[in-house]
Amino acid sequence: MFPGLSVLLVTILSLRSQFTSGSDPDPVQDFCIPDTKYGSIRTPQFKILPCKNSSEATTDDFVFSGIKAEGTFTDTGLSSISINPAVFPGLNTLGMSFVRSDLKPGGFNAPHFHPRATEITYVVQGSVYSGFVDSTNRVFARVIEKGEVMIFPRGLVHFQMNVGKSMATIFGSFNSQNPGMQKIPTAVFGSGIRDELLEKAFGLSHKQISVMRRRFVPKT
Ligand SMILES: *[C@@H]1O[C@H](CO)[C@@H](O)[C@H](O)[C@H]1NC(C)=O
């Protein structure tokens, strides 16, 4: 093949996967355990590393034991452990990732969305008020119980709250190895958008905006 043609093809293929593909690119081999001698997957963005020689892969590369128990709880009563190729290398290039979330009674997961993935959530235990808002601002929400599943379509704002008296546990699965996540309160009040605009947009006073800022600036 002419070198020019292969450069063009590679360009077209990479544009396709960046801008028009509905999901992560299809794998071109069985699996790809990232070879960490080329760096870290999160540095600081999500980096695609060359694969380890597949003869070096072991069963343990495809088993993950880190969600047997809940993680650390935030002050909103949520604990969430995200499992992606950075912590579970066997997932790399397979176009999926997952999360274990636990909610204390009354705990909630604030409205947020994943720009690159649809999410399926399965309630392992508890009663969870769960829903999403579509692009016409229609809300689809109800309480789902142990054993029930709900989907949150890609890119749509969704939320969850434990409305039961005991702990809730949810398993979420994404059709991207890097779904991305934006929390609405943090994106709006914690990102550094000028006060003047936020005051106009939300009809809030300077003082009220400062209160929201203190609450939603991400803690580091
Ligand atoms: C992968 O490992 C096998 C077995 O050690 C070896 O024969 C092969 O050449 C290696 N492949 C590459 C691309 O290094």
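Select Cys51 to begin: at 31% relative accessibility it counts as partly exposed (buried means under 20% relative accessible area, exposed over 50%, and partly exposed in between, with a 1.4 Å probe and protein chains only). This is a predicted model, in which local features need pLDDT of at least 70 and side-chain atom pairs count only at pLDDT 80 or more, while totals for chains, interfaces and linings use all residues. Residues are numbered from 1 along each chain as its sequence is written, and side-chain values use heavy atoms, with hydrogens and water left out.

**Stop 1: the disulfide**

A disulfide joins Cys32 to Cys51, with an S to S distance of 2.1 Å (a disulfide is a pair of cysteine sulfur atoms within 2.5 Å). A disulfide is a covalent bond between the sulfur atoms of two cysteines. The pair links distant parts of the chain: Cys32 and Cys51 are 19 residues apart, and each is in the loop between α1 (3–20) and β1 (78–83). Helices (H or I, at least four residues) and strands (E, at least two) are DSSP runs, numbered from the N terminus. The link of Cys32 and Cys51 is left-handed, with -100 degrees about the S-S bond. Cys32 is buried, with a relative accessible area of 2%. A search of the whole structure finds 1 disulfide.

**Stop 2: the open sheet**

Now show the strands. An open sheet of 5 strands has the order β6-β5-β8-β3-β10, with antiparallel pairing (two strands pair if DSSP finds at least two bridges between them). The edge strands are β6 (139–145) and β10 (182–183), and each pairs on one side only.

Select residues 127–133, which are β5, and residues 157–162, which are β8: these strands pair in the antiparallel sense over 6 bridges. Within this part, Tyr129 stands opposite Met161 in β8.

Stay in strand β8 and pick Gln160. Is Gln160 buried or exposed? Gln160 is buried, with a relative accessible area of 5%. Leaving out residues up to four places away in sequence, Gln160 touches several residues, including Leu103, Asn109, Tyr129 and Ile170 (contact means heavy atoms within 4.5 Å).

**Stop 3: the annotated positions**

Which residues does UniProt place under the feature "binding site"? The unreviewed entry gives Asn109, His114 and Glu119. UniProt positions are in the numbering used here, feature names are shortened, and annotations may be inferred rather than shown by experiment.

Select Asn109, in strand β3 (residues 108–113). Asn109 is buried, with a relative accessible area of 7%. Not counting residues up to four places away in sequence, Asn109 touches Leu78, Leu103, Phe159, Gln160 and Lys183.

Move on to His114, in the loop between β3 and β4 (119–125). His114 is buried, with a relative accessible area of 7%. A polar contact of 3.2 Å joins the side chains of His114 and Glu119 (a polar contact is a pair of N or O atoms within 3.5 Å; within protein, one must be able to donate a hydrogen and the other to accept it, and residues adjacent in sequence count only if both atoms are side-chain atoms). Beyond four places in sequence, His114 touches Glu119, and also Arg154, His158 and Phe174 among others.

**Stop 4: Ser173**

Finish with Ser173, in strand β9 (residues 168–174). At 23% relative accessibility, Ser173 counts as partly exposed. Where is Ser173 relative to Glu119? The two are 54 residues apart in sequence and 5.5 Å apart in space, C-alpha to C-alpha. Not counting residues up to four places away in sequence, Ser173 touches Met96, Ser97, Phe98, Thr118, Glu119 and Ile120.
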